[in-house]
Amino acid sequence: MVINLRFFNRSELMGFIVLAAVLFVILPLSLDVFRLNLVAKYLTYAFVALGLVLCWGYGGILSLGQGVFFGLGGYCMAMFLKLEASSVENTKIQSTPGIPDFMDWNQITSLPLFWQPFHSLTFTILAIILVPGIFALIIGTAMFKRRVGGTYFAIITQAVAAILTILIVGQQGYTGGINGMTDLRTLKGWDIRPDHAKVILYFVEVVLLFACIGIAQFIRLTKLGRILVAMREQEDRVRFSGYSVANFKIFAFCMAAVFAAIGGAMFALNVGFMSPSFVGIVPSIEMVIYTAVGGRMSIFGAIWGAILVNFAKTSLSESFPQLWLFGLGALFIAVVLAFPNGLSGLWADYVQPRIDRLFTSRKSKSAWKDNSVADGAPAE
Amino acid sequence: MSDEANKGLLSPLRRKLLMGMAAVPAITMLPRASFAQAPATSAVNTTGLAVTDTEVTVGILHSATGTMAISETGSIEAEKLAIEQINAMGGVLGRKIKFIQEDGASDWPTFAEKAKKLLVNDKVAAIMGCWTSASRKAVLPVMEQYNGMLYYPTFYEGLEQSKNVIYTGQEATQQILAGLNWIAKEKGAKSFFFIGSDYIWPRTSNKIARKHVENVLKGKVVGEEYYPLGNTQFNSVINKIKLTKPDVIFTDVVGGSNVAFYKQLKAAGIDLSKQALLTISVTEDEIDGIGGENIAGAYACMKYFQSLDNPNNKAFVPAFKKMWGEKTVIGDVTQAAYLGPWLWKLTVEKAGSFDIDKIAAASPGIEFKGAPEGYVRIHENHHLWSKTRVGRAKLDGQFELIYETADLVEPDPFPKGYQ
């Protein structure tokens, strides 16, 4: 408890307990497997949002290409699963049995070389972390060492997202093209499709998410985290103080990429397929929107943002098949206009002070008041 | 009792019940028929589908939003029309069809999610839906895992067959071969230039077309080019066409790209009344966007045109326009989507049950004589026997029927010698 108190301050601890209670206890008990599986899908975006909090919220690096890393992680996982689903027995109807179905449709007659290592699960897990990590390292080094930042960096990440989509769609013999990789079935012989498997995968994902939250919180609390914030506020001062700004930026960007990739891999496992529609510009921007709605400065806020926005997407589209996109758009505009710090800002301005008042007999802390004034939120 | 009846006259439902009661003596003269009319729910639904004594729920799953909405709207409209007509005739096994519409939002994973929702939460008895191959590929594992039944309307590349899908559009060999034979014979065509959008359907279709041109027609393919979906720059390929001078341009460019493609062809001075062009991807819906004047003279090869002259179609087109407006046009896929609910109704009635396994088993051999395209029948492989037709585009955006196969063409999703 003492360690916890130091690791999280009181409001963060509250956020931690609430999130853990909801994800570990309340949702699994109250939802059927279908809805729980949907939550698992939403949570894959929470990984991305978590990465964006580090990279954008703390480091001030806006990346509009997180879909790239989500996609790379997802595709690595999907390649492994697809190979396992494409056993000679399962694919005997093809002209070349034993290779994934989309290769057969594209007249490829043997498994390409770069697919070979994905027979191994160990390699796949390493690839999920390393492929996006190294890719982010290359982009980050190329950009930050030359002091490309801000808007230009955002535009370039967006271009990378567009390029990767075109590459995947164009090379359909090797990637499944626009259809993506569908019909993923088993993980080391364990069927990922039945209900009980979905429940287990959900819990695995939640545990992973909390591990990532722990890492993100640890980074925040170290000197590294403080330098990131300092860099966001006054990059030149940090540079003049003798820090290598580029290296810190590269680190934050790589961490965000790895988190996104873990989300992508969990997506492939939970949803059972992967397609270029998660890689391109639109999904990448959506990922930034989740984070903005939840609050880019707050780890828990961003996670709630990812969950709630996707939940809104599902329920609005179920209730209003033709109008839901307008509703969602209005929601984004409303949130950004009225609460620039997202849901977590709302919490900090209105809910937190009341809770504090409950806990302390002293007058409500002036710190919260200051915050709300600085954010330009209307007075109560 | 009489008091009850008087009150009942106020509500339409009660009135229907009364009419039903009045009909009882008439029905009792045909004792077998009265049982067949509304069998007990427990007998026709042993797997927990959404079937009550008066209603059965089906799902409609298409893109109402996003880039595919323009194409899929016609399918949604056709399916709703069919459901309304079936309900007006008394429904299926005495039950009215109720539908739940979900939006796939032109996004393949969303299709999978919504299909799962329809099957798991709503327990729908059948789903009419999907349009692109990608959305079908995403939905297929869901249909197989949860044992649903999908009626899929689009002409597609084949290489697929499932217990849980009825393909009401044509597969590639059905659509393409008759058209190629016709143009080879009619125009003496020997050289072909293929242009397609870059995804699985055009690539597979062109593979089949190439084998047919080279092996059967003894012609040659002088060019084969692919462009990303949504591409609008076709000038380089048009220059290649001018250089190679093919007898036939064979295209499977889809969606909005068509508009740019035909306008640029015209601007480049290629006159479609002299240069033969055979498309398998332009229906009346696409011409709406392309403009009749830009495509007049081109040949299209598919199974249905709005202008077909047969009694079924003469009833279908006005009914469709009455429900959805005078300006709407009806393309091949829209008609195929209209077949879905009807084929399902006929199959359920033959099987005497809503159970998916029984429907899957009863499907082969189901005949639908009221199809706007004429007569269709479900094959063992869950595709439809259907005629293939060639039409020539006219200035007003309609097709003029030029040729149709004498017999129904057998569906062959895994064609030997074409893979």
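Two strands pair if DSSP finds at least two bridges between them. By that rule, Ala300(B) has Gly391(B), in strand 14 of chain B, as its bridge partner. The model described here is predicted. In it, 28 residues of chain A are in contact with 31 residues of chain B. The points below take the contact between the chains, then chain A, then chain B.

**Where the chains meet**

- Helix 3 (33–58), helix 7, helix 14 (299–319) and helix 15 (324–338) of chain A each supply at least two residues of the side that touches chain B.
- Helix 7 of chain A gives the largest share of that side, with three residues.

**Helix 7 of chain A**

- Helix 7 of chain A runs over residues 150–170, which is 21 residues. At 1.5 Å a residue the helix should span 30 Å, and its end C-alpha atoms are 31 Å apart, so the two agree.
- The buried residues of helix 7 of chain A are Phe153(A), Thr157(A), Val160(A), Ala161(A), Leu164(A), Thr165(A), Ile168(A) and Val169(A).
- An α-helix has 3.6 residues a turn, so residues three or four places apart point the same way.
- Thr151(A) and Tyr152(A) are exposed on the other side of helix 7 of chain A.
- The buried residues of helix 7 pack against helix 4 (66–85), helix 6 (121–144), helix 8 (172–175) and helix 13 (281–294) of chain A.

**The largest nonpolar core**

- The largest nonpolar core holds 222 residues. Ala49(A), Leu50(A) and Ile303(A) touch the most other members.
- Helix 12 (residues 245–271) of chain A gives the most to this core, with 19 residues.
- Which residues does Leu50(A) contact, leaving aside neighbours within four places in sequence? They are Cys212(A), Ile213(A), Ala216(A), Phe259(A), Ile299(A), Ala302(A) and Ile303(A).

**The parallel sheet of chain B**

- Five strands of chain B form an open sheet in the order 2-1-3-4-5, with parallel pairing.
- Strand 2 (96–103) and strand 5 (165–167) of chain B stand at the edges. Each has a single partner strand, so one side of each is left without a neighbour in the sheet.
- On average, neighbouring strands of this sheet are turned by 25° against each other, direction ignored.
- Strand 3 (residues 127–129) and strand 4 (residues 150–152) of chain B pair in the parallel sense over two bridges. Met128(B) stands opposite Tyr151(B) in strand 4.

**Strand 14 of chain B and its partners**

- Strand 14 (residues 389–393) of chain B is mostly covered, with four of its five residues buried.
- Strand 10 (residues 299–302) of chain B pairs with strand 14 in the antiparallel sense over four bridges.
- Strand 14 is also joined to strand 15 (residues 399–404) of chain B by five bridges, and these two strands run antiparallel. Arg389(B) stands opposite Glu404(B) in strand 15.
- The hairpin of strand 14 and strand 15 of chain B has five residues between the strands. There, Gly397(B) takes a positive phi near 90°.

- Cys130(B) has phi near 70°, a positive value in a residue other than glycine. Cys130(B) is found in the loop between strand 3 and helix 7 (133–145) of chain B.
- Is Cys130(B) buried or exposed? Cys130(B) is buried, because 30 other C-beta atoms lie within 10 Å.
- Lys245(B) has phi near 45°, again a positive value in a residue other than glycine. Lys245(B) sits in the loop between helix 10 (235–244) and strand 8 (248–252) of chain B.
- Lys245(B) counts as exposed, because it has 10 C-beta neighbours inside 10 Å.

- Leu180(B) lies in helix 8 (residues 172–187) of chain B. Leu180(B) is buried, with 23 other C-beta atoms within 10 Å.
- Not counting residues up to four places away in sequence, Leu180(B) touches Ala209(B), His212(B), Val213(B) and Leu217(B).
- Leu180(B) and Leu278(B) are 98 residues apart in sequence and 8.4 Å apart in space, C-alpha to C-alpha.
- Glu113(B), in helix 6 (residues 108–121) of chain B, counts as buried with 26 C-beta neighbours inside 10 Å.
- Glu113(B) and Asn313(B) are 200 residues apart along the chain, and their C-alpha atoms are separated by 35 Å.

How values were computed: Residues are numbered from 1 along each chain as its sequence is written. Chains are lettered from A and ligands numbered from 1 in the order in which they are written. This is a predicted model: local features need pLDDT of at least 70, side-chain atom pairs count only at pLDDT 80 or more; totals for chains, interfaces and linings use all residues. A nonpolar core is a set of buried Ala, Val, Leu, Ile, Met, Phe, Trp, Tyr and Cys residues joined through C-beta atoms within 7 Å. A residue is buried if 20 or more other C-beta atoms lie within 10 Å of its own, exposed if 12 or fewer, and partly exposed in between; C-beta atoms are placed from the backbone. Two residues are in contact if their C-beta atoms, placed from the backbone, lie within 7 Å. The expected span of a helix is 1.5 Å times one less than its number of residues. Axes are lines fitted to C-alpha atoms, for helices over the stretch in contact, and angles run from 0 to 180 degrees between N-to-C directions.
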